[in-house]
Structure formats: structure tokens, C-alpha cells
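Hi everyone, thanks for coming.

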Amino acid sequence: MKFFGKPRSQTAAFLPLCLLFLKSLSLGHSNLYSNRYAGDKVIRLTPNTEEEAFVLKKICHQLKVDLWQPGGVSQISQGTVTDVHVPHNGSRALLTFLQEANIQYKILIEDLQKVLEKGSSLPAWRSRRSLSGYNYEVYHSLEEIQNWMHHLNKTHSGLIHMFSIGKSYEGRSLYVLKLGRRSRAYKRAVWMDCGIHAREWIGPAFCQWFVKEALLTYRSDPTMRKTLNHLYFYIMPVFNVDGYHFSWTNDRFWRKTRSRNSRFHCRGVDANRNWRVKWCDEGASMHPCDDTYCGPFPESEPEVKAVANFLRKHRKHITAYLSFHAYAQMLLYPYSYKYATIPNFSCVESAAYKAVNALRSVHGVQYRYGPASSTLYVSSGSSMDWAYKNGIPYTFAFELRDTGHFGFLLPETLIKPTCTETMLAVKNITMHLLKKCP
């Protein structure tokens, strides 16, 4: 990938340039609900000064770009890697502006539509797969995933129990798999959720992979047998069911839930900013049209409320909370909402260190690890912080592959390596739970 941009110079001319640019650009960017991404680009910018960051924020707000990284416009600051998805009719003007303003950038994806087609990541380009030959190395629609859950519930009743914890905004069932051997009355448990953000398809793929591996290796792998004998896993393959379904049918890059707002036409809430922990503070937006919209009140989203209620009810025996996201290649732990050290830092940090080393041993992939606020960015109202604040001592958020080359369009060919290495990290964390803290 080539870097672009003129040699560095003073940035004082940014604001007038920015205003000229915004006047000249037609803001009629491609319809949010369209699946036509021909000519759309993903561009990476890293502001070198706060002045550059200010200008980028202004551009992102005005253009209403689809921000891939960081989570929200407010989180763009000096040195922040910023990936933006720009519609084809806005990219030429944006690139011209960046060159005039001497802001360095590189094009990560030249044509989104081509990458989509090449990666077979849309239902139009893949054939249906039957349950008997369920393929864990492709992405599956919500209907396929829920059929798979029902199938496992019937065929593996000794280790699997499927149940619903409620309904989504659009009335879909919120299914959870309880995985583990019913060996004793009281067992500690691990909660795992995937797909809290709709467009992060590798998350649900991993949740399914984890279940498959657990069932296949229970008899042959002593570690897995010990884990399933001593722990229960509550696994929610698709947290944001409405959003995930919408990302398959209408907008591949949809992030939020699908709830309606009485005052704005924009739909949805960021389900990872809707929790009652420093709700709607730094890193979250109060505007319903923003991707990091925190919602009208904490737990406004039925999906969030259902999971929060379940965790509250079972918090006495749930020891760990694991949430799977994409993309950044990070293993994060609290806090997200502030720069502070958690009381059991040494235990959690040790678990993260070992998990990341185990992950790297598979394919050599490097993950950064640390508190979410300093490793990624500050964000309030997150599920991980909420779980920790509600008495679950081990809470982690994985940001799976990659670091931006494919972004949310991780090809199906990379599902297996990603899941294989993540599997080892998760097994490492769960074994850590069974030992005394170092």
C-alpha cells in the first residue's frame, strides 16, 4: 500500500481549505441502505497534530462518512489511526482535499464492491449449506445460525441446552446455548457473546467455531474435558440479531440495533454504549444518527436489557465475561470508560498476557493487550465495564483480525486461522479461571 500526501507543512491553512472543500462537495453520498458499494473506498488517515484531528472530525461530521475506526468521530485525536469508508461520489473530492491540506493517507480498499465479491461475503454469491454438512469456514445468515442452534440442541442434549432470554426490538428470539456437562449442582460459568455490532461477522463465526470445537474434542482433549466438566459456558452467537440480519439483507456495514426513534429518522443504538456504567459519557454520542449513539436511556435496547437481566440473575456463579468484536487484533480488559487500574489487575493482566502468547503461537499473529481505555480508546456504557462493575471478576473484549487490510470484510478463507488461534486464547483464559490467581 502506498502512502500519499505532500511533504509535511504548517497546518494553519486547514480550516479555510476545509470550508472550501465542504462547499464544493456534493453531500449526496450513497444511500445507507443500499448494498451497492462499487467504487467506494476505505481510506486510512492518522492525524499528526490536534489541528489535523480537528479538521478530520469536521470533515467526518459534514460528510457523514462511515467510520470504521475508531468507534466514533469524537475519538479521533492526534495519532489515532482513522479508517473511513467513503462513497464513490465523495472519494475524489476528499482525496483532493487531503492532498491540498498535506494530510497523509493511504487507500486500504480501492473498491469495496470488488472486495465483497472476492470474499464471497454476501449471500448472493454463496450457495445455501445444509445443516448436516454445516460449514464453519463460511459466514452464515441469522436464520442459518438459529437453525444450527436448534439442531445442536436436539443432537447434543448431553452437553447443550438452548434457551431464549427474550425478544429483540423486531421480535426475534434472543437465543443462548448453555454448554457443559451437568456434573454437579453448582458450577462456575463463563458468558460469551458475539455480534454486538452487526457488521463484525467474524464474531458470530467464532462463537459457532468454539461450540463446534468443544463438542468435537470433549472426549479427546483433556483440557476441553476438564473445562466442560468444571464450567458452564453461556454462548450467545448473535447478540444484535436485528442488526445482523439487516447487515445481510440491506447494508453490509450496519453497526447498531434497529430500534426506531420517535424524533429522528435514524434507526438503532450502539448496543455497546447502552449499558448502565458511565452511560453516555466520553466515547458515546447523544445523537441518534451517530454510530455510537448511546440510546435514550441505559438498557433502552431490549437486547441489552435481556442480557443484563440474565447476567444480574446469574452473577453469583458467572466468573468471566468474554465479548468478541472486530477489528484491531487486541485483547482488552477494564476499564473502558476511565484511565484507572482495576483492583484485580495482576490476575487479569496475567491471564491476558498468557492468552495473547498462546494466540501468537498458532500463526504468529500479534495481539496487543491491556486496559481498553489506553490500548484502544475511552468509551462509556460498554458491556465489559458493566459486567466487571456488576461483580464478574474476569471481563475481556477481543478485537479479532485484522488490523485494517480487510477491516470488516475479513475473507472467509481467514475464518479458520482466526478461529483456531482465538480458540487457544479462550481455552487459556478459561484454564486460568480454574487455577488460583498467580
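How many nonpolar, polar and charged residues does the lining of the second largest pocket have, by class? The lining has 10 nonpolar, 13 polar and 3 charged residues; here Ala, Val, Leu, Ile, Met, Phe, Trp, Tyr, Cys and Pro count as nonpolar, Asp, Glu, Lys and Arg as charged, and the others, Gly among them, as polar.

Before going on, this is a predicted model, where local features need pLDDT of at least 70, side-chain atom pairs count only at pLDDT 80 or more, and totals for chains, interfaces and linings use all residues. Residues are numbered from 1 along each chain as its sequence is written, and side-chain values use heavy atoms, leaving out hydrogens and water.

Now to Glu-399, where UniProt, in an unreviewed entry, places the feature "active site"; such annotations may be inferred rather than shown by experiment. Glu-399 sits in strand S12, residues 394–400 (strands are DSSP runs of E, at least two residues; helices are runs of H or I, at least four). Glu-399 is buried, at 11% relative accessible area (buried means under 20%, with a 1.4 Å probe and protein chains only). Beyond its neighbours within four places in sequence, Glu-399 is in contact with residues including His-325, Tyr-327, Met-330 and Leu-376 (contact means heavy atoms within 4.5 Å).

Finally, have a look at Asp-221, in the loop between helix H6 (202–217) and helix H7 (222–230). Asp-221 counts as buried because its relative accessibility is 15%.

Technical notes. Buried < 20%, exposed > 50% of the residue type's maximum accessible area, 1.4 Å probe, protein only.
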